[in-house]
Protein chains: 2
Amino acid sequence: MDKLAKCAANYVPLTPLTFIKRAFVVYSNRTSVIYNSVRFTWSQTYERCCRLAYSLRSLNVVKNDVVSVLAPNIPALYEMHFAVLMAGAVLNAINTRLDAKNIATILRHSEAKVFFVDFEYVPIASEALLLLVESLKDNPSGQQAIPLVIVIDDINKPTGVRLGKLEYEQLIHHGNPQYPGEELEDEWDAIALNYTSGTTSDPKGVVYSHRGAFLSTMSLIQGWEMGTEVVYLWSLPIMFHCNGWTFTWGIAARGDTNVCIRNTTANEMYKSISNHKVTHFCCAPIVFNILLEAKPHERCEITSKDLPSFASGKPSGTNCMPRDQQATIKARQGVSILTLADVDVKNVKTMESVPHDGKTMGEIVLRGSSLMKGYLKDEKETAKAFQKEWFLTGDVGVIHSDGYLEIKDRLKDVIISGGENISSVELESILFKHPAILEAAVVAMPHPRWGESPCAFVVLKKTASTTENDIMAYCQKKMPKFMVPKKVEILAKLPKTGTGKVQKVELKKVAKTLQISKNNISSKELHMDQTRYHLDEPRNQENVLAMSRL
Amino acid sequence: MDKLAKCAANYVPLTPLTFIKRAFVVYSNRTSVIYNSVRFTWSQTYERCCRLAYSLRSLNVVKNDVVSVLAPNIPALYEMHFAVLMAGAVLNAINTRLDAKNIATILRHSEAKVFFVDFEYVPIASEALLLLVESLKDNPSGQQAIPLVIVIDDINKPTGVRLGKLEYEQLIHHGNPQYPGEELEDEWDAIALNYTSGTTSDPKGVVYSHRGAFLSTMSLIQGWEMGTEVVYLWSLPIMFHCNGWTFTWGIAARGDTNVCIRNTTANEMYKSISNHKVTHFCCAPIVFNILLEAKPHERCEITSKDLPSFASGKPSGTNCMPRDQQATIKARQGVSILTLADVDVKNVKTMESVPHDGKTMGEIVLRGSSLMKGYLKDEKETAKAFQKEWFLTGDVGVIHSDGYLEIKDRLKDVIISGGENISSVELESILFKHPAILEAAVVAMPHPRWGESPCAFVVLKKTASTTENDIMAYCQKKMPKFMVPKKVEILAKLPKTGTGKVQKVELKKVAKTLQISKNNISSKELHMDQTRYHLDEPRNQENVLAMSRL
């Protein structure tokens with residue numbers, strides 16, 4: 001058995017590039033991309049990718065070079081998900097919501113060789129480039145060059161905006177449509193570099209392999225039961241966000257159709273759904289709200305029969321579902337995806353699995369070939385993430401008696417009050433049910449007696465009114481006493497990162513200033529430790545979150 | 001990028017064992033296997049596999065040992081598709097239609113350490129074992145031991161039939177349900193050993209890897225768009241046949257239900273479909289015929305709504321489709337599966353691709369990680385199959401201008417007549433359309449002028465009657481003259497292999513005895529070379545065969 005060696009015919013590197021090459025042959029005349037009045041077939045998309053890859057090579061892009069891009073969900077960004085890899089390079093799609101400083105940090109850390117900029121982002125990109133130039137001056141010993149800038153003008157209605165000489169369509173035009181791309185020698189080679197939002201520290205550069213991207217895409221197709229007749233609207237996720245959860249590569253694998261839109265406005269979405277017979281799109285609550293709150297003149301009649309299939313489908317993560325649907329799909333959640341080899345909840349000190357009792361919290365750990373390669377130029381953080389043969393997610397969870405996993409919180413957001421673990425997520429989900437509350441975030445506030453205690457920040461609905469005391473009273477009815485926030489603060493809005501995550505780190509700073517002094521604690525509270533431990537821990541059905549795709 | 005090394009957390013061997021471990025957690029209480037009145041859940045199936053694997057280790061089965069099995073589509077054979085691998089061993093499921101001599105050859109060649117035998121196959125297995133003992137005597141220098149025999153009694157109605165002391169359920173009983181299985185270190189390790197039918201020579205032992213089986217299963221799920229609510233009837237393929245086209249592993253990956261039946265009779269199939277609400281099964285023409293020709297008392301009412309979905313679905317091979325449906329799904333055929341990296345049609349001497357003209361024949365070549373590792377103990381045949389970085393399929397095909405591939409024939413069955421390539425398959429498909437013809441096989445017959453010319457063997461339908469001259473006249477109307485068989489022979493039945501393939505090798509021997517002597521050739525025929533080359537080659541739409549899953 002052992003004598004049968006691998007050869008070039010039966011051991012071929014796994015890569016999403018297989019999908020586009022196959023789409024070129026199998027789905028040649030089917031529509032690949034729609035963007036306003038622009039339409040491409042798979043044959044055209046493939047040839048455009050060949051051309052772009054060729055041009056990148058002509059611009060001295062070589063293996064493992066980083067090609068950065070700052071653009072919304074437009075055809076160019078879709079094409080770069082293949083073309084950059086065909087040139088042997090690594091795609092770095094930058095979050096369009098970042099500020100110039102963050103963009104400069106990423107360009108510097110990634111040592112980007114080429115920087116594609118959508119015409120609308122030229123001002124912020126210029127600012128970022130200036131900051132980069134400055135920062136490189138500070139470090140005269142470094143050899144790092146400023147990236148070559150290429151503007152992506154609007155393909156539908158060119159604007160003429162430029163930053164430097166090069167433009168995207170010009171590269172396509174001068175490329176060679178027969179260029180077959182660089183041969184991939186090892187499926188472990190890097191395919192993409194995505195930066196974390198850096199809520200707590202500098203953003204980290206997450207590196208993915210071709211193998212991992214291939215397997216994640218296979219899981220996506222199966223998890224969402226994607227057929228070959230999908231018309232997919234790029235509402236969310238954004239392509240820069242984990243490569244659009246690998247939908248970028250998945251749509252090519254199935255020969256489906258991408259409908260690109262520049263902005264996720266109600267009108268753009270309604271028009272796209274109606275005109276292009278969109279069958280599927282991903283629905284974060286925010287997307288649903290945009291559609292529901294649209295004014296009459298922004299709406300169009302929707303006749304696509306299959307439209308609701310993804311919205312009420314079987315996603316692997318509830319983050320794309322409206323809150324009130326999360327509970328109903330509980331049975332589908334907390335389930336490992338097909339290409340994930342193993343999932344567990346462990347006491348990370350002993351690496352022992354927690355009992356399947358639905359109560360004992362531990363850190364969620366993963367193992368599988370669809371995980372990242374590691375953090376770029378950060379051995380310390382990489383080693384911290386991969387410990388004892390597992391990937392430590394930083395999420396806290398429990399395992400129920402039926403073997404299903406429930407995510408409770410981010411490790412760093414768990415509030416440890418008098419030795420009791422309080423899940424901030426669980427507390428927030430109870431607050432969400434209050435009729436006047438639009439958003440809620442709960443963080444730890446230092447407490448002289450319990451070490452920490454919960455502090456809640458809420459944003460009210462436009463038309464609603466309530467008081468902090470009312471909310472406190474509501475909490476006292478809805479949860480065990482030890483969980484009740486010791487402080488409730490009503491804010492106009494919550495501080496958020498570029499990807500829309502609440503910046504709990506900022507709220508924790510505020511909470512520190514609000515902390516309760518020892519003098520304000522009642523004597524009753526000082527002696528209730530013993531009773532508290534016997535309270536049943538509430539388990540909120542709506543709060544069951546899935547393994548988020550990595 | 002290169003500094004990020006693989007570790008145990010992010011580089012996990014790809015193996016179908018992941019599917020059963022996941023089914024144990026995710027689909028724990030769903031029905032895994034139904035066989036008459038026996039029913040298991042995924043939790044039970046997994047634990048039975050753990051037990052069997054443990055018992056195999058106790059019987060000294062170690063890594064890379066071959067475990068052979070001779071059984072129909074029963075639960076034990078299904079379980080062995082996981083348990084044998086969990087013990088680190090390699091599964092060798094033997095074709096139940098083989099004779100004792102062939103079985104003995106396989107047991108000897110594979111050096112099987114354990115031999116599981118279904119109770120119904122005890123007589124033929126005993127005969128095979130005697131032959132094996134004899135053959136090993138002839139070779140006194142060899143150290144090969146006789147395999148340990150374990151009978152699989154009927155789990156539904158035990159018969160008490162034995163061959164030696166051990167019985168399958170006894171192994172299950174004494175096994176350890178908590179045994180986690182041996183750790184797979186390398187996804188390239190062997191998973192299964194399947195023997196070819198050996199139409200032309202001794203059967204060859206095809207070895208598959210865990211990686212290949214994993215990827216083939218992923219392709220199967222996507223190609224057939226298998227959901228998670230499938231109730232799959234094991235009508236065909238048989239599990240011994242390429243591991244049931246990887247349906248064995250695919251059903252576990254989706255947590256679907258296997259309905260096992262011992263015999264593919266009309267009554268067993270109707271009963272299963274009706275009682276267990278079968279949603280899917282594979283339909284070779286023979287299966288359709290059995291169902292259609294069933295007598296009233298053998299039938300049951302079928303209410304399953306989804307039943308036809310596979311029959312008229314999108315299979316990757318037309319061999320599971322009735323002949324008259326093949327044409328309609330042409331557009332879906334000749335398409336590479338998702339995990340196949342590359343497919344081409346080449347002139348194997350120059351390794352140049354044929355022009356995309358739908359006419360120029362070449363050998364179909366493949367490349368991809370779902371291909372076999374090679375042939376066991378046969379370096380020569382392995383090297384012959386993998387040449388110049390491609391797998392040579394031995395199939396002849398063309399590529400059409402739209403990039404679609406059409407399989408024309410087996411390489412060795414192409415008839416080369418006066419320099420012209422005649423596809424035997426194409427000619428047969430024209431013969432099939434004759435109202436009196438049930439089966440047809442066309443082979444090369446030596447010809448003094450043309451080198452070879454076609455010779456047709458046909459079997460008539462029961463109620464039909466026609467003559468060889470009639471058929472010849474029919475051919476003259478339906479095809480260009482050079483394709484017309486020079487001889488037509490009506491037979492009572494065609495010689496076939498254990499898997500039901502026509503033995504063309506035997507027919508070629510017969511054709512040799514029928515060959516036309518030089519004296520019988522008309523002078524006209526001797527001078528028609530030039531005109532012949534200008535005839536259009538007919539292209540039969542019904543004859544488009546797909547890439548058969550490897």
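Let's start with the domains: chain A splits into domain 1, residues 18-262, and domain 2, residues 415-543, with bounds taken from an automatic or database domain assignment. The C-alpha centres of these two domains of chain A lie 41 Å apart.

A quick word on ground rules, since this is a predicted model: local features need pLDDT of at least 70 and side-chain atom pairs count only at pLDDT 80 or more, while totals for chains, interfaces and linings use all residues. Residues are numbered from 1 along each chain as its sequence is written, chains are lettered from A and ligands numbered from 1 in the order in which they are written, and side-chain values use heavy atoms, with hydrogens and water left out.

Now, the two chains together.

How many residues does each chain bring to the contact? It takes 64 from chain A and 64 from chain B, where contact means heavy atoms within 4.5 Å. Of the interface residues of chain A, 100% are also interface residues in chain B, so the copies meet through the same surface. About 5,200 Å² is buried between chain A and chain B, with carbon and sulfur atoms giving 59% of that; this is the accessible area (1.4 Å probe) that two parts lose on being put together, summed over both. A:Met1, A:Leu4 and A:Leu338 supply 16% of the area chain A buries against chain B, more than any other three residues.

One residue I'd like you to click on is A:Gly374, in strand β16 (residues 374-375) of chain A. Helices (H or I, at least four residues) and strands (E, at least two) are DSSP runs, numbered from the N terminus. Is A:Gly374 buried or exposed? Buried, with a relative accessible area of 0%; the cut-offs are under 20% for buried, over 50% for exposed and partly exposed in between, with a 1.4 Å probe and protein chains only. Leaving aside residues up to four places away in sequence, A:Gly374 touches A:Gly205, A:Val206, A:Val207, A:Thr382, A:Phe386 and, from the other chain, B:Leu4.

Next, an open sheet in chain A: five strands in the order β2-β1-β11-β10-β12, with mixed pairing. Two strands pair if DSSP finds at least two bridges between them. At the edges stand β2 (38-41) and β12 (280-281) of chain A, each with a single partner strand, so one side of each is left without a neighbour in the sheet. Strand β1 (residues 31-35) of chain A runs antiparallel to β2(A), joined by four bridges, and A:Thr31 has A:Thr41 as its bridge partner in β2(A).

Finally, over to chain B. Helix α16 (residues 468-478) has B:Ile471, B:Met472, B:Tyr474 and B:Cys475 as its buried residues. They cover an arc of only 160°, taken from the directions from the helix axis to the C-beta atoms, which puts them on the same side of α16(B). On the other side, B:Asn469 and B:Lys477 are exposed. The buried residues of α16(B) pack against α15 (424-432), β22 (437-447), β23 (451-460) and β24 (487-491) of chain B.

Look at β22(B) in that list: eight of its eleven residues are buried, so β22(B) is largely enclosed by the rest of the structure. A hairpin joins β22(B) to β23(B) through three residues, and the two pair in the antiparallel sense over ten bridges.
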